[in-house]
Structures are given as C-alpha cells and as structure tokens.
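Me: I am new to this structure and would like to learn how to read it. Please start with the helices.

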Amino acid sequence: MAKEVKGVKWKALEFEGSIFNKDLEGLIGIEECTNYDLTSNKTNQKTRKRKLDADSAENSSKKPKKNKLKTTSPANDENNFTLSKHGSTGDINVHETQFKASNDSDTFDSSSLLAWNSFGLPPSILQAIHELGFHKPTTIQDLTLPSAILGRRNILGAAETGSGKTLAFGLPILTGILKTKEKLDSDLNDSQDEGNVNSKPLYALILTPTRELAVQVQNHLTQVAKYTGIQVAVILGGMAAVKQERILSKCPEIVVATPGRLWELIQEGNSHLSNVENIRFLAIDETDRMLEKGHFKELHNLLERLNLDESKCKERQNFVFSATLTLIHELPKHLAIRKKMKASKSKKIVDMTPQQKLQKIIDVLGIDNPKVVDITQKTGTAESLSESRITCAIEEKDYYVYYFLQRHIGRTLIFCNSIGCVKRLTTLLGFLDCRALALHASMQQRQRLKNLERFRDNKNGILIATDVASRGLDIPCVDHVLHYQTPRTSESYIHRSGRTARASREGLTVLLVEPAELKNYLKLCRNLGRSEDLPSFPVHSDYLKAVKQRVNLARELDKVDLAVRKNQSESGWLQKAAEEMDILIDDNIAQKFDMADMQKHKKLAQIKRKQLSRLLSKPIFPKGFSGKFPVTTDVKGNAINMMSNATENAIDVLKNATSNVSKAVRKKAKWMFHSKLKK
Ligand SMILES: Nc1ncnc2c1ncn2[C@@H]1O[C@H](COP(=O)(O)OP(=O)(O)OP(=O)(O)O)[C@@H](O)[C@H]1O
C-alpha cells in the first residue's frame, strides 16, 4: 500500500521471488513515487494525510482495473466493508460499516497505524491490527516484515519469548496469499475462464511442535485474517479423522499443523493436501524443537516431499522462527570427556558457534539465502522478567510451592519434569484447596484444551504442566512461573520462563533447586552466560511452620486416599471377575482384600480430611500481617533486609530484597558463584 511522507506519495513495488540476493544485502525493498507531477516538476504538496478508506476509494477509482485490490469475499471489499462483531449478549450482530464515511469506532484513522504503514500490508489486515490494539510493530516484526513482504526473502528469526514472532511470519503469509490470489483472479478474468471457484489451493503450511500451540497460532492468525476471507485451519493429532476431513474439505488457504498428523493425512491421500509441494509459504515455529528427536522424522519426510521439485522449492517463501534458534549448549557429557581426552583424533570435537548452528538449520531445511534476524538477549530471557531461585531439600519443595501460592496470588504456571510429578503435585495441591489444573501429554486432547481455557479464564489460576506447555503458549498475563524441578535443558528454561513477562509485561520465575540438581543448575547458568547466581526468592520463615503442618497433613491424606483407591480397585476387579465367571470368591482370597482394612483406611482418610479442613479454614498469614521484618535470612543463610507484606506482589518482594543486598555481599557472592561455575 502507499504511504505519504511530507506530501510525497510512495508505493512499495512488489517483486516475484526473492530478488534481493547477497550482493544487495541490506536492501529491503524499492518504493515508487506515485504523485510526481511532470508539468510543474513538483510533487503534490497539497495532499493531506488522509484516511485509509479515502485512499482505497481514490485508488480504486483512478487506477486501471488490474491494479485494483481484488478480494475473494465481500468482507474484503474495501469500498463496502462488512464487519461482524459479537454483541454484548453473545449473539452475533452484523454491522455494515462503510470504511469511507462512518465515524463508528470500527473505522480507523490510518495515521493511528503509521508505524505499520511502510510494510505493504493491505487495508483488510491493517483494520484487524487496529482492532487488536497493536499500535506499533514489535522489534522482531519491525526488522523482518519489510524483507519478508516487500523483498519476499526467506526469514530466519530469533527473538525472545513473547516478542510477537507469530505475526512476524503470519503477516507476510496473509499478505502474500492476498497478492497471489489477486494475481490469479486477474489472470482468470483475463482468460475469461471461471474455473472451479470452490476449490481453493493450499497456499501455506505452518508447523508447530505441540497441539496447543497449533490451536493458538490458528486463533491468532484467524483474528488478523478476519477481513481477508482467508481461512486458517488446524490439524492435530488426537482430533477425530472425520472432523479433519470436514475441515480440509473446505479447502482452507492456510493449514496449521503438528507434523505427525499432517504427514499421516498426506500419506492417506487427502485431496486438499495432495499438491502440498505447491505451497507458496512454509513457516516452522519453534524450529529448534522441531529438529529434535521425536518430531524430526515426520518433518524430514515432509521436507523431502516439499523440496522434491527445485523450481517449486524456489518459489516458496520460508519462515523459520524460535526464541532459542541460536542458543548453544555445553557439549553433552560424553562428548566433553572425549574432547578433553583428545581421544577422537579423526573427528575433532568442537563447540558449535551460533552461526554454525544456524547454518546447520539452513542446510537441513534446504533454505536459500535467508535473511537472518537474531535479536535474542545474551541471557535468552525477556528483559521484563525477574528471575530467582529457592535452594531447598527435595522434600521441602512442596512447602515452598504452597507458601508461594498462598502468599503471592496471581496466575501461576508450575513446570515439572515428568507426568508423574504433575499428577502428584496436582493431587496434593487439590487437598490443600488450591484448585490446580494439570496439563501433560497423556491427558485426552479435549481435557488438555479445556484445562488451558480454564487457566486462561482465571486470573488467579494455577496450572501444573510438563514441557508440553513450555513452548509458544501465549496465555495472557501469567504472573509467575515456578520451575518445580530444574529443567533438563537451557532451551526448556527459556521457554518455560517465557510463559510470563510476555509482550513487555513484567513477570517472575522461581527455580526450585535441590542439592542433586545443583550441577544441572550451574550448567544452565553457564549455557545462559550468567556470571551471577540467581537471587534467592525471599521467604518468611516464621510462616513456614504453619505451611509444613498443612502440607504434611495433605501428604498423609494423599497416602491414605491412595490406599483406599487401590483397595477399591482391587476388590472391584475381583468382584467383577467373579461375577463374570459366575463363581463365589473363596474366603481366603476375599480376606486378602480385607474389607475391614478398607473401612479402616476410609475412616482414617475422613479424620485427616477433617483435620486438614480445620487447618485450612484458618489464615496462614494473620489478618493485618504487614510482614515487616527488617532483617531476615535467605534459604542459604545470607542476610537480606526486606520489607514486605502478605498482599505485596511477588516481583516487588524480590526487587526490594535484592536492592537491599549490600554491594560487598553481592561482590562476595559473585566471586563464590564464579568459582562454582568454573568447577
Ligand atoms: N505489535 C504488537 N503489539 C502488541 N502486542 C503484540 C504485537 N504483536 C503480537 N502481540 C502480542 O504479543 C503476545 C506474544 O506474541 P507471540 O505469541 O507471537 O510471541 P512469540 O514471540 O511467538 O513467543 P514464544 O517464543 O513464546 O512463542 C501475543 O499476545 C500477541 O497477541
């Protein structure tokens, strides 16, 4: 689209294919002056800044037919824009809004989106961006959109979590599809051949490592595509085959998918996917994860199919994004030992540089001359994130989690390393009336999405998850991320932590480290280039006693409850088997499943439940608790001056505590940490 600078109108020129090769590195697009007046040799200075609607009306009346923005649905008609909105009752009201004349809040002044104007985005997309309230592009969007949209470059983008990477590839894809359709429409008109209007080709594939992320990307792009007539569909493992057939029979232009399910459908010969190699756009979100074991095989098969025909491959624009695209690990232990011993002389083992890692990705994916934009911070995490840790014994972790949840309310996501741990902690916190939801891979897909939705809807919600929730999930306003266990990789730490502090909001992480995890923690710090230990999260030890009492009781209740359930299922199984075989159970066998024993357990469970509910009815932090404790100690015995109270937010508590640590103490701690890192 055109933009106006001091009365001079500039219009971005569009080129087919990637014309900006290495020799023109730095050049991102070419613009043409459109109001050059040959007679006066002056540009039209009188042109006032005008509304987008006037722009499009003017363009459509002046331009020859083939330059007019053509759209496939009435919703795209710039001169007669149809918006559909949800009314307050939840019913769908359809408003006819004239872009041109209306003062309705749905119309927008292009000047409010000046920051977006130079990317060549069509009005239908700008309108949606305006409605989302995105006043300006984020840094990664700003740095990639010109090359992607105007230069049609392949993009490799690395930027911190929550920095808007989805639109950095979503906007060029949507814009590109509109342009391609416009061209196809005008070719069709020229040849007077109507063709089969119902069957639309597949234009774009977006691949994500998890199902939840695929759903989220689809939702996000659907919002931005709402006035374009472009359909965005999602294909996931765990979804009924009939439903997937139905979705694909509508011929969506964009398919967002997890690679496994997509590959299955391609192999089954789904008709919409039959010419998958013809796609014009391919985006791989969380690329580093996709290239890891578990996803790679299907992705590899898919890439092989997509890259079969070199000419089609060249026509395709590729987007490769992740927050940890260029993150380098310490060598795995076995390689590090080999390197030290210089055992392998034939194959020299060297640490990879970020450039080498990128080159490897480029080679594996078969991408031609991409534009690389890497704006990841040295630390890998968002600037607005406050990080901390609590060092404690393994059996104390439950106490600290419960303490934190009681003292610092807010939307909290707790990550565990295993499904078993998620289950145990969810049950335990359930006994403690914390209403925690679970999310892990062995849950049914419907339940996974339901729990995610319930977590999103509750500003004080608690979600306990495995790494299935660590990548890409954009849950608004997550206040805290607790790492119940030290993550196994630095990527995992970055992605888990990145569920909070998104889109420049503040957020907090607390890493719980037990002695056996210390080695892993130090490795994490080394990989993330940390020279200082994470600050210890302040805990008011006076109240830990009450916390321990409750948690211990909840643990006992959990044990007894488990015994009851085990007994019940064993005796139930026995009874059922006996009934089916029409036999009486021998008394000796029945004794094994002693009913009296079960009754005893049930009674004990009842008593413990009552005791616990009595305890839970009393507040841990007494009413009016101001928590003023000028000097206290952190979990490792360091003196910390702190002022805090029960209602204070966790980030403030941490910031107060760290700002009160004297320079001398900090220097000493840094020195000690440095020597630990070296070991
Ligand atoms: N230009 C913008 N202005 C304001 N908010 C934006 C803008 N672009 C995207 N957002 C919002 O920022 C949030 C994070 O965006 P997104 O999920 O794309 O981040 P991401 O970089 O992909 O994160 P991750 O690495 O965790 O996947 C979303 O809620 C999105 O709606």
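Reply: The expected span of a helix is 1.5 Å times one less than its number of residues. Helices (H or I, at least four residues) and strands (E, at least two) are DSSP runs, numbered from the N terminus. This is a predicted model, in which local features need pLDDT of at least 70, side-chain atom pairs count only at pLDDT 80 or more, and totals for chains, interfaces and linings use all residues. Residues are numbered from 1 along each chain as its sequence is written.

Me: What should helix α5 span, and how far apart are its end C-alpha atoms?

Reply: Helix α5 covers residues 211-224, so its 14 residues at 1.5 Å a residue should span 20 Å. The end C-alpha atoms of α5 are 20 Å apart, which agrees.

Me: Which residues of α5 are buried?

Reply: A residue is buried if 20 or more other C-beta atoms lie within 10 Å of its own, exposed if 12 or fewer, and partly exposed in between, with C-beta atoms placed from the backbone. An α-helix has 3.6 residues a turn, so residues three or four places apart point the same way. The buried residues of α5 include Leu 213, Ala 214, Val 217, Leu 221 and Val 224.

Me: How do I read a strand such as β15?

Reply: In a regular strand the side chains alternate between the two faces of the sheet. From β15, Leu 385, Glu 387, Arg 389 and Thr 391 point one way, while Ser 386, Ser 388 and Ile 390 point the other way. Seven of the seven residues of β15 (385-391) are buried.

Me: In which sense do β15 and β20 pair?

Reply: Two strands pair if DSSP finds at least two bridges between them. β15 and β20 pair in the parallel sense, over seven bridges. Ile 390 has Leu 512 as its bridge partner in β20.

Me: What is the phi of Cys 477, and where is Cys 477 found?

Reply: Most residues other than glycine have a negative phi. The phi of Cys 477 is near 55°, a positive value. Cys 477 is found in the loop between β18 (462-465) and β19 (480-483), and is partly exposed, with 13 other C-beta atoms within 10 Å.

Me: What about Ser 504: is it buried or exposed?

Reply: Ser 504 counts as exposed because it has 12 C-beta neighbours inside 10 Å. The phi of Ser 504 is near 70°, also a positive value, and its place is the loop between α16 (490-497) and β20 (507-513).
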